[in-house]
Amino acid sequence: MDFKLTPEQSQMRQLVRTFARDVIAPVAAEIDRTDRFPRDLIRQMGELGLMGLPVPEVYGGVGADYLSYILAIEEISYASAAVGVILAVHTSVGTFPILYFGNEAQREKYLPKLTSGEWVAAFALTEPDAGSDASAIRTRAVRDGDAYVVNGSKVFITNASDADLFCVFAVTDPRRGSRGMTAFLVERGTPGLRVGRKLEKMGLNGSGTCELTFEDMRVPIENRLGQEGEGFSIAMRLLDGGRIGIAAQALGIARAAFDAANQYVRGRRQFGQEVFKFQGVQFMLADMATRIEASRWLVYHAAQMRQEGQACTREASMAKLFATDTAMQVTTDAVQLFGGYGYVKEYPVERYMRDAKVTQIYEGTNQIQRIVIARHLRERG
Ligand SMILES: Cc1cc2nc3c(=O)[nH]c(=O)nc-3n(C[C@H](O)[C@H](O)[C@H](O)COP(=O)(O)OP(=O)(O)OC[C@H]3O[C@@H](n4cnc5c(N)ncnc54)[C@H](O)[C@@H]3O)c2cc1C
């Protein structure tokens, strides 16, 4: 196994790294403090091709490979985990549903807008009473002539404050359980769609997380994604890729925290010497670096498998589980290594720690990842 990047992948990573360092990093703390959705950055990312990196050129994308996209999420999350998740949700579970499960008319209508960054996409599966058990959603879609009438609500929807297009999951046949779920493309402004309050979060501020309600919302039949009853399977297939994206986000956060701590302990002096010289501190840094390296291999490996079209449910869950637990551990240790300064907002490490926490929760909690991995234990040992 070798993760030597191709010249194209290295070039793309350098481009994103420079953009993240020069344009995103300087405003990351302000986005966190004000919780503003960074539409200006999204426009610039659109101009660079980042909002449609792994989408074929015929739909306005760059046509880059999947690993390039994962590297981009990692680099952007290094600067701002909020901008990282906006991109990850927009692409993995906002744009891919149309690319993979949409018909040609839907692709032609929506993909150029999404890949250019003119429109932002969101993914609306979770409901107040259906999170880990997504098959228990209650939002109902009833066929009425050439449309569906949708009633229900969603919660925790990333990008929702500013999204232009929502991939919404609803029950079309309650007798069939998860096989009675259907996916729909819902444009902002559709009568009956209400974007509710923005949730105040521990971290990841700026990612526009809102509730949604649907009151007799009419969705034209041409906006149904795939066939009736395919919704749950579409959601689960999207989440395999989505989880690799979240793992890459966690990797970016962990790397940022490690670099900050590694630099800080070399400048800080206590007991007449650099804090770095204490072996207890070096052991912490060694563990942090090792976990990050292991995460990187799991994430890139899962991405490579997906790129090659191999089944990677198990590897995606392993990458998500390990990289996000690593992000939590590494960011917590980074705060510790900064001492009291780690706990104040003048330094970025407390933000990294707050941002890391949610990576263990969304796109399937880490308990759910363990369930998925356990289900696939027979597959390759
Ligand atoms: C900031 C943020 C952004 C999000 N963005 C989106 C989005 O864009 N779109 C979207 O659809 N959703 C989104 N979510 C929702 C997210 O995916 C859910 O919160 C997550 O899947 C967990 O669901 P829940 O919150 O209902 O927790 P619950 O399912 O109620 O879980 C509560 C606890 O029970 C544990 N648990 C549940 N079942 C089991 C089990 N079988 N075995 C062991 N433990 C179990 C869980 O791991 C957790 O610790 C977002 C959430 C957050 C916080």
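In the predicted model, the ligand is surrounded by 22 residues, of which T126, G131, S132, T158 and T365 are the closest. By class, this shell comprises 12 nonpolar, eight polar and two charged residues. At least two shell residues are supplied by each of β1 (121–124), β3 (147–157) and α10. The largest share, three residues, comes from α10. Because domain 2 (122–228) and domain 3 (232–375) both contribute residues to the shell, the ligand lies between these two domains.

The protein chain as a whole is divided into domain 1 (7–120), domain 2 (122–228) and domain 3 (232–375). The centres of domain 2 and domain 3, taken over C-alpha atoms, are separated by 30 Å. Contact between the two domains involves 14 residues of domain 2 and 10 residues of domain 3. On the side of domain 2 that touches domain 3, eight residues are nonpolar, five are polar and one is charged.

R378 and A319 are 59 residues apart in sequence, and their C-alpha atoms are 18 Å apart in space.

The largest nonpolar core has 122 residues, and those with the most contacts inside this core are A257, V299 and A334. Helix α6 (residues 231–267) gives the most to the core, with 19 residues. When residues up to four places away in sequence are not counted, A334 touches A257, F258, A260, A261, G342, V349 and Y352. A257, one of these partners of A334, is also among the residues with the most contacts inside the core.

Positive phi values occur at two residues other than glycine, considered here in turn. Phi of N159 is near 75°, and this residue is found in the loop between β3 and β4 (165–171). N159 counts as buried because 27 C-beta neighbours lie inside 10 Å, where 20 or more are required. L204 has a positive phi of about 55° and is found in the loop between β6 (193–198) and β7 (210–220). With 26 C-beta neighbours inside 10 Å, L204 likewise counts as buried.

Technical notes. Residues are numbered from 1 along each chain as its sequence is written. This is a predicted model: local features need pLDDT of at least 70, side-chain atom pairs count only at pLDDT 80 or more; totals for chains, interfaces and linings use all residues. A residue is near a molecule or strand if its C-beta atom, placed from the backbone, lies within 6 Å of it. Helices (H or I, at least four residues) and strands (E, at least two) are DSSP runs, numbered from the N terminus. Ala, Val, Leu, Ile, Met, Phe, Trp, Tyr, Cys and Pro count as nonpolar, Asp, Glu, Lys and Arg as charged, and the others, Gly among them, as polar. Domain bounds come from an automatic or database domain assignment. Two residues are in contact if their C-beta atoms, placed from the backbone, lie within 7 Å. A residue is buried if 20 or more other C-beta atoms lie within 10 Å of its own, exposed if 12 or fewer, and partly exposed in between; C-beta atoms are placed from the backbone. A nonpolar core is a set of buried Ala, Val, Leu, Ile, Met, Phe, Trp, Tyr and Cys residues joined through C-beta atoms within 7 Å.
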